[in-house]
Amino acid sequence: MTAPSPLRTAPSVEKPALCRLLIADDQPHILEALELLLKPEGFQLLIARSPAQVLEILSLEQVDGLLIDLNYTRDTTSGREGLDLIAAIHEQDTQLPIIVMTAWANVDLAVEAMRRGARDFIQKPWDNARLLTVVRTQLELHTLEKRAQWLEAENRILRAEGAPELIATAPCMRPVVELLARIGPSDANVLITGEHGTGKEVIAQTLHRLSNRSHRTLVAVNTGALPEGTFESELFGHVKGAFTDARTDRIGRFELANNSTLFLDEIANIPLRQQAKLLRVLETGELERVGSSTTRTVDVRMLSATNADLRADAEAGTFRADLYYRLNTVEINVPPLRDRREDIPALAAHFLARYVARYKRPIEGFEPSALQHMLTYPWPGNVRELDHTMERAVLMARGKRIEQADLGLMQATRSNTQSLDDLSLEQVESILIRKALARAQGNVSHAADALGLSRGALYRRIEKYGL
């Protein structure tokens with residue numbers, strides 16, 4: 001190979017935004033010349049002297065681009081090593097910009113490299129100004145491509161037709177949207193955390209829709225509603241005669257979700273004994289139906305959700321730590337509605353339109369006082385409570401616009417700004433009932449048990465306070 005020309009002073013230009021560059025060549029003087037040229041221009045350099053080192057570095061480090069030679073064995077000029085390296089790099093990441101270096105006499109080889117996936121080429125001995133221009137241009141294009149892909153993913157997330165309605169304009173929702181865009185297309189297991197009613201299922205539906213499995217149906221299971229005795233049958237299936245009521249074979253949720261996505265809600269409620277069986281399926285992709293010795297293989301992406309602190313549960317021994325780490329490849333925490341008040345008007349309008357259409361009511365919007373009321377209310381039941389509030393308001397409204405009284409939030413809002421000393425007994429009782437209902441997700445029987453009331457007594461108070 002011909003040595004590079006003496007270094008010339010490059011014109012002063014703006015530094016690239018992304019400048020982590022992997023350079024590869026088997027000749028020390030070439031690497032030294034590249035370092036002298038590129039480091040003063042703001043590039044972070046990673047250096048490899050063989051194709052194997054290039055692939056090793058890529059497996060350990062994030063880079064923004066590569067500048068690689070095509071020949072690494074002394075006296076070889078075929079470029080085969082470099083062409084094979086380009087193919088290997090593309091197996092890991094098809095978007096990484098690759099710039100190849102070749103001698104003047106091997107322009108045909110450079111063209112072949114670009115046909116294989118290289119973005120551009122530099123001829124040795126190189127012109128410093130051209131080399132800097134090519135590298136900067138390719139890194140800037142890579143940055144713009146990644147930005148365009150993020151915007152495209154964000155657009156699919158927030159505005160795709162027929163998609164679950166994810167309204168997320170508040171600043172605290174930005175990290176959630178970014179995570180969805182980044183990990184949605186992957187097969188990574190995701191743990192979705194957040195309070196009751198924050199929209200964890202919508203996040204799961206969005207992740208599935210962004211994945212390569214979106215052509216299959218998302219399979220959802222509320223594990224909190226599964227009796228322990230039916231857990232294995234529901235998830236893994238059973239064969240006829242496996243137990244008293246097993247009159248026919250039944251396919252389980254894991255098999256239904258084969259080549260698709262399985263969403264397990266309320267994952268913290270799974271008993272410890274069943275957690276080991278769930279872990280085995282996640283680790284091996286293998287299961288047996290209840291009553292069968294035949295092993296079946298499944299390919300399932302696992303999404304799970306909880307309002308509990310699984311890390312604390314794992315430390316306390318009430319949830320298996322190994323299962324927690326298997327579920328939690330990536331965690332998405334959904335903020336409560338009180339922390340994303342910027343989204344309240346859009347969410348309220350969305351739910352209003354849904355119930356106006358369902359009940360065929362001639363309602364056109366909100367009175368300013370009603371909207372202000374919603375913006376100051378603490379929303380202990382989060383988005384689910386807002387949904388139910390809009391349904392009630394549509395049914396209660398007498399005019400063409402939702403008024404403050406239609407919302408049924410007056411007592412709870414006052415409690416947000418007054419101390420208990422300022423409230424009447426009825427107001428305090430109303431607040432406690434609302435909170436109990438929110439914690440029980442609207443289940444009157446559970447709320448009544450928590451309050452020490454009969455169902456009938458709780459229903460009478462719900463009617464009395466307009467809840």
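**View 1. Asn 259 is partly exposed, with a relative accessible area of 36%.** Partly exposed lies between buried, under 20% relative accessible area, and exposed, over 50% (1.4 Å probe, protein chains only). The model is predicted: local features need pLDDT of at least 70, side-chain atom pairs count only at pLDDT 80 or more, and totals for chains, interfaces and linings use all residues. Residues are numbered from 1 along each chain as its sequence is written, and side-chain values use heavy atoms, with hydrogens and water left out. Asn 259 sits in the loop between helix H9 (253-256) and strand E10 (260-265). Helices (H or I, at least four residues) and strands (E, at least two) are DSSP runs, numbered from the N terminus. Phi of Asn 259 is near 65°, which is positive although the residue is not glycine.

**View 2. The protein chain as a whole.** The secondary structure of the protein chain consists of 20 helices and 16 strands. The chain has 467 residues, of which 46% count as buried. Contact means heavy atoms within 4.5 Å. Among contacts in the protein chain between residues at least 6 apart in sequence, 70% link residues at least 24 apart.

**View 3. Helix H2 (residues 51-60) packs with helix H3 (residues 80-92).** Two packed helices are described by the angle between their axes and the distance between the axes. The axes of H2 and H3 are 10 Å apart, and the packing angle is about 10°. Axes are lines fitted to C-alpha atoms, for helices over the stretch in contact, and angles run from 0 to 180 degrees between N-to-C directions. H2 and H3 are therefore roughly parallel to each other; angles under 35 degrees count as roughly parallel, over 145 as roughly antiparallel, 65 to 115 as roughly perpendicular and the rest as oblique. From H2 the contact takes Pro 51, Val 54, Leu 55, Leu 58 and Ser 59, and from H3 it takes Leu 85, Ala 88, Ile 89 and Gln 92. Sorted by class, the contact of H2 with H3 has 7 nonpolar, 2 polar and no charged residues. In this sorting Ala, Val, Leu, Ile, Met, Phe, Trp, Tyr, Cys and Pro count as nonpolar, Asp, Glu, Lys and Arg as charged, and the others, Gly among them, as polar.

**View 4. H3 crosses helix H4 (residues 107-116) at roughly 15°.** The axes of H3 and H4 come within 10 Å, and the two helices are therefore roughly parallel to each other. H3 passes H4 in a right-handed crossing. A crossing is right-handed if the near helix is turned clockwise from the far one by less than a right angle, and left-handed if anticlockwise. Arg 80, Leu 83, Ile 86 and His 90 of H3 meet Leu 109, Glu 112, Ala 113 and Arg 116 of H4. The contact of H3 with H4 comprises 4 nonpolar, 1 polar and 3 charged residues.

**View 5. A cis peptide bond joins Lys 124 and Pro 125.** Omega of this bond is about -10°. Pro 125 belongs to the loop between strand E5 (120-124) and helix H5 (128-159).

**View 6. Helix H13 (residues 344-359) and helix H15 (residues 382-396) cross at roughly 45°.** The axes of H13 and H15 come within 9 Å. H13 and H15 are therefore oblique to each other, and H13 passes H15 in a right-handed crossing. On the H13 side the contact involves Ile 344, Leu 347, Ala 348, Phe 351, Leu 352, Arg 354, Tyr 355, Val 356, Arg 358 and Tyr 359; on the H15 side it involves Val 383, Leu 386, Asp 387, Met 390, Glu 391, Val 394 and Leu 395. By class, the contact of H13 with H15 has 13 nonpolar, no polar and 4 charged residues.

**View 7. Phe 351 of helix H13 is buried, with a relative accessible area of 6%.** Leaving aside neighbours within four places in sequence, Phe 351 is in contact with Val 383, Leu 386, Asp 387 and Met 390. Phe 351 and His 388 lie 37 residues apart in sequence, and their C-alpha atoms are 8.7 Å apart in space.

**View 8. Lys 360 is exposed, with a relative accessible area of 72%.** Lys 360 is located in the loop between H13 and strand E15 (365-366). Phi of Lys 360 is near 55°, a positive value in a residue other than glycine.

**View 9. Tyr 377 and Trp 379 are both buried.** A pair of aromatic rings is described by the distance of the centres and the angle of the planes. Rings of Phe, Tyr and Trp (its six-membered ring) pair if their centres lie within 6.5 Å; planes under 30 degrees apart count as stacked, over 60 as edge-to-face and the rest as tilted. By this rule there are 4 aromatic pairs. The ring centres of Tyr 377 and Trp 379 are 4.5 Å apart and their planes stand at 90°, so the pair is edge-to-face.
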